[in-house]
Amino acid sequence: MTVQSLSRHPAGAASLPAALGTLLASSDVVSLHLPLTPQTRGLIGRAELALMRPGSILLNTSRGGIVDEQALADALRNPAHPPAAAAVDTFVHEHAAFTSPLFGLPNALLTPHVAGMTRRAMAEAAIRCADNIAALLADRPDGVPVVAP
């Protein structure tokens, strides 16, 4: 398999296409791994989905808002549209009343965004949380991580 990537910080292991459109038009599987920022919000919309290869698959395991869910749902409902399937584990609205337009589509695999929820990760998070609480109770603010503004 030929692996391509498009990155602000190229890793060197994959070949780099000239632009997003070139990547979409030449890939059978497109897997998104990027943060949600003002620049990436709506990165994959109707125009980008139309550039994808017929029969291609879109995977979004990064952040909701990067892919226009309605545009993806419309593309997956239309057999003449390029993407044949999608797998998504992150949505614009993640709450108890799940309302994604992708829900119920047979060619859309939807899962919760829980890749980091392993037993080991959860145990580590619990220990860190307990350590932070203990540091606060012991009046050791230097023991509590603080995110700079």
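Modeller: Start with glutamate 124, which is partly exposed at 38% relative accessible area (buried means under 20%, exposed over 50%, partly exposed in between; 1.4 Å probe, protein chains only). This is a predicted model: local features need pLDDT of at least 70, side-chain atom pairs count only at pLDDT 80 or more, and totals for chains, interfaces and linings use all residues. Residues are numbered from 1 along each chain as its sequence is written, and side-chain values use heavy atoms, with hydrogens and water left out.

Glutamate 124 pairs with arginine 128 in a salt bridge, with 3.0 Å between the closest N and O atoms (a side-chain nitrogen of Lys or Arg within 4 Å of a carboxyl oxygen of Asp or Glu). Arginine 128 has 52% relative accessibility, so it counts as exposed. Elsewhere, salt bridges with shared partners join Arg46, Asp74 and Arg77 into one network.

Aspartate 74 and arginine 46 form a salt bridge, their closest N and O atoms 2.9 Å apart. Side chains of opposite charge can pair when their charged atoms come close.

How many salt bridges does a search of the whole structure find? Four. One of them joins the side chains of aspartate 28 and arginine 53, at 3.6 Å from N to O. Here too the partners come from distant parts of the chain, 25 residues apart: aspartate 28 from the loop between α1 and β1, arginine 53 from the loop between α2 (46-51) and β2 (57-60). Arginine 53 is partly exposed, with a relative accessible area of 33%.

Serine 27 lies in the loop between α1 (20-25) and β1 (29-32). Its relative accessibility is 8%, so serine 27 counts as buried. The side chain of serine 27 reaches the backbone oxygen of leucine 23, at 2.7 Å. Neighbours within four places in sequence aside, serine 27 is in contact with Gln4, Arg53 and Ser56 (contact means heavy atoms within 4.5 Å).

Leucine 23 leads on to the largest pocket. Leu23 is among the lining residues nearest the pocket centre, with Ser5, Leu6, Ser31 and His33; the lining has 24 residues. The volume is about 800 Å³. α1 and β1 each supply at least two lining residues. β1 gives the most, with four. The grid terms run as follows: on a 1 Å grid over the protein atoms alone, a pocket is an open set of points with protein on both sides within 12 Å along at least five of seven lines, a cavity is a set where a 1.4 Å probe fits but cannot get out, and lining residues have an atom within 4 Å of a point. Points are joined across faces, edges and corners, and volume is the space filled by probe spheres set on them.

Beyond four places in sequence, leucine 76 touches Pro83, Ala84, Ala85, Ala86, Leu102, Leu105, Asn107 and Ala108.

Last, the one cavity of 30 Å³ or more. The largest cavity holds about 40 Å³ of space. Its lining includes Asn60, Leu72 and Leu102. Asparagine 60 lies in strand β2. At 2% relative accessibility, asparagine 60 counts as buried.

Terms used
Polar contact = N/O pair within 3.5 Å; in protein donor to acceptor, adjacent residues only side chain to side chain.
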